[in-house]
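Hello,

My notes on it follow below.

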Amino acid sequence: MKKQFKKTILIKKQIGFSLLQLIIVIVTFGALAVYFAPRFLNLQGEAHASILETLQVSIQAEISVVHGKAIIKNLHNKANASIELDSGKMVDIVYGYPAATEAAFRVFLDTKFATEHTGDFNITNSPQAAKAIIYPNSYSAVDNCRIEYVEAKNNTKQNVITAPALSVFTSEC
């Protein structure tokens, strides 16, 4: 009877896994999921798109601040001028709105820009087109994961100033 009891105990010990083994397997699968999930679920692209949309709202708010200061200083009708922000820094403006230059964006936005993929965002500007393009550092300026800012213009025939255009593209993020 004792032999039969011992065999029963041994058989029961061999069935199933220990709690420690189960915990190790669960932690391993969790680590693998954390590593591979963003690649399969495109969470990085969604994060970049969300960041660009947030940055667009921030740019719009700062444009309003700069334009308000330009109106107060009566600089909103001048083709080229500079205005002092609350930080004490000067920002170049075109018809009362920030110029489409990297220097202007560095002054009025609290964002790191880099041309060598070391900052949060890269910025390129085209003086001929009066346009600035802001994009995450893992993308290029031609990808549809960017913000385009076209500076204000003066329609000389009607003497009407057109406000800057701010567009966000997130289809390729």
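**Sheet, helix and core**

Strand 5 (residues 131-136) and strand 6 (residues 146-150) run antiparallel and are joined by 4 bridges. Strands here are DSSP E runs of at least two residues, helices are H or I runs of at least four, and both are numbered from the N terminus. Two strands count as paired if DSSP finds at least two bridges between them. Ala132 has Tyr149 of strand 6 as its bridge partner.

This is a predicted model: local features need pLDDT of at least 70, side-chain atom pairs count only at pLDDT 80 or more, and totals for chains, interfaces and linings use all residues. Residues are numbered from 1 along each chain as its sequence is written, and side-chain values use heavy atoms, without hydrogens and water.

The open sheet has 4 strands, in the order 4-5-6-9, with antiparallel pairing.

Now the core. The largest nonpolar core has 34 residues. Such a core is a set of buried Ala, Val, Leu, Ile, Met, Phe, Trp, Tyr and Cys residues joined through side-chain atoms within 4.5 Å. Buried means under 20% relative accessible area (1.4 Å probe, protein chains only). Ile59, Val91, Ile93, Phe105, Ile134 and Tyr149 have the most contacts inside this core. Helix 3 gives the most to the core, with 7 residues.

Take Ile93. Leaving aside neighbours within four places in sequence, its contacts (heavy atoms within 4.5 Å) include Val66, Ala70, Leu75 and Pro98.

Best wishes

Terms used. Buried means under 20% relative accessible area, exposed over 50%, partly exposed in between (1.4 Å probe, protein chains only).
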